[in-house]
Amino acid sequence: MTKSLQGKVALISGGASGIGRATALLFAREGAAVAIADLNEAAGQAVVHEISNQGGKCIFESADVTRAGDCKRVVERTLRELGGIHVLFNNAGIIRRASVTELSEEDWDRVMEVNVKSIFLMSRLVLPVMARAGGGSIINTASGWGLTGGAKAAVYCASKGAVVLLTKAMAVDHGPQNIRVNCICPGDTDTAMLRSEAQQLGEATERFLAEAARRPLGRVGTPEEIAQAALYLASDASSFVTGTVLVVDGGSLAGSI
Amino acid sequence: MRLKDKVALVTGGTSGIGEATAVLFAKEGAKVAVSGRNEQRGREVAARIVNHGGHATFVRTDVRVADDCRRAVDETVRAFGRLDILFNNAGVFYAHNAVDCSEEEWDQQIDVNLKGTFLMSKFALPHMITQGGGVIINNSSGWGLVGGDNAVAYCASKGGVVLLTKAMAIDHGRQGIRINCVCPGDIDTPMLPEDARFRGLKWGEYLAGCADRPMGRIGTADEIAKAVLFLASDDSSFMTGAALAVDGGGTAD
């Protein structure tokens, strides 16, 4: 059977853990050479080894994608060692569970920089590469909370709402260059970030996860399920899809249960 | 093969997006019941699938008629033993504003596009519940998300499909049934030239208007079929109640 990303190069920010890691593994299985940018060097190298052991190609570059210089280093190394960039998955993200009155200015700035500005910084470097190659696919990780509000998540909601509209704006600008730009809006997904929310809110993890499972499908998602959505948007299966918001949330946003 | 041993029922499967989806589903291993009003075309689609080594049957169905819908589901289950995937795709479009739209045209669009989705789902869901799961995909439209000119009944029916999708997703998620809709932009199907004629526009002029979107072209039926395959397969196992726009960026701006 043909692999859906055979011969492609994918660059994934936040690829060392959670959704990014699952996507790196899946993209590699589907034939892509993968470049991972992440702050967590040990976890990033572990993904490189895992993919190499399965016969895939993967490189890791330690980077803070809120810094233009780091983004440049990542993109240049990817082009030098893997020969192109066909898929960019802007997935790096953090969350601060706090209302506006509780939130520090530093936390506001950090969340906005990691969740939103990094997409701008990475995309402006990669878009010309894709345009020269005749096209490409950019996928941004937004969130269900980029479409509706949530409690004690003011800056996260603001950042993810921005990701949704940045996605659409880039889709409009770069559609003529055959570059598709879409975002995924995951619901609660079983990652370290989800568990960190319980800690930030001072809640027991089990109770927090049980609450997160209250949605039509009755469970939280897995990183692999979000990775499958990213694969659809990365591959030619979605060749007429751009500017789209792909909600993968077990039905949470469909309405009240 | 991503739908190996699954049984799928496709309404409006005799042409366009429905035909492309029936053929793709069969390629991916599904046994397919092709349903529609045009018996000759429907039998041709089923025969083409069988000639390529797949499994298919045709069930003549007018989705406006409850008894037809019940029979389509029953005959699918009788032929293939179960029902895993329902693609509610049958649709009609007459370009009119509220002043010019006749009551008959209004009723026909609401009945085929929206009530047909309800009726088919009503009879398919009990089988899926008994089996412990299933997938329903409804064909909505970009014009179920934003308004369009001279399309009052079509927009109303497709907006209805989006929210019917979400409501059914809430009701049947706990039964392991995922229900999503796809929202195509302008697609190269017989519906497009029909609409051009209906609006009294020259084809080239009409097509240029359709292609005026970020990707600068209309879509193919195959591109929608691939989206429907994604929603039908386990690749979308955490998706329900979603509206997937496949429109070359048409609703992004």
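I began with strand E4 (residues 85–88) of chain B, which pairs with strand E5 of chain B in the parallel sense over four bridges; two strands pair if DSSP finds at least two bridges between them. Helices (H or I, at least four residues) and strands (E, at least two) are DSSP runs, numbered from the N terminus. Before going on I noted that this is a predicted model, in which local features need pLDDT of at least 70 and side-chain atom pairs count only at pLDDT 80 or more, while totals for chains, interfaces and linings use all residues. Residues are numbered from 1 along each chain as its sequence is written, and chains are lettered from A and ligands numbered from 1 in the order in which they are written.

**Around E5 of chain B**

Is E5 of chain B buried or exposed? Six of the six residues of E5(B), residues 134–139, are buried, where buried means that 20 or more other C-beta atoms lie within 10 Å of the residue's own, exposed 12 or fewer, and partly exposed in between, with C-beta atoms placed from the backbone.

**Chain B as a whole**

I counted eight helices and nine strands in chain B, and buried residues make up 56% of its 253 residues. The radius of gyration of chain B is 17 Å, which agrees with the value near 18 Å that a compact globule of 253 residues would have; it is taken over C-alpha atoms, and the globule rule is 2.2 Å times the number of residues to the power 0.38.

**The core**

I next looked at the largest nonpolar core, which has 153 residues, with Ala10(A), Val34(A), Ile184(A), Ala8(B) and Val32(B) having the most contacts inside it. Such a core is a set of buried Ala, Val, Leu, Ile, Met, Phe, Trp, Tyr and Cys residues joined through C-beta atoms within 7 Å. Helix H4 (residues 105–133) of chain A gives the most to this core, with ten residues.

**Between the chains, and Arg97(A)**

I found 28 residues of chain A in contact with 29 residues of chain B, contact meaning that the C-beta atoms of two residues, placed from the backbone, lie within 7 Å.

My last entry is on Arg97(A), which is found in the loop between strand E4 (87–90) and H4 of chain A. Arg97(A) counts as buried because 21 other C-beta atoms lie within 10 Å. Leaving aside neighbours within four places in sequence, Arg97(A) is in contact with Lys152(A), Ala153(A), Glu197(A), Gln200(A) and Leu201(A). The C-alpha atoms of Arg97(A) and Ala154(A) are separated by 7.7 Å, although these residues are 57 residues apart along the chain.
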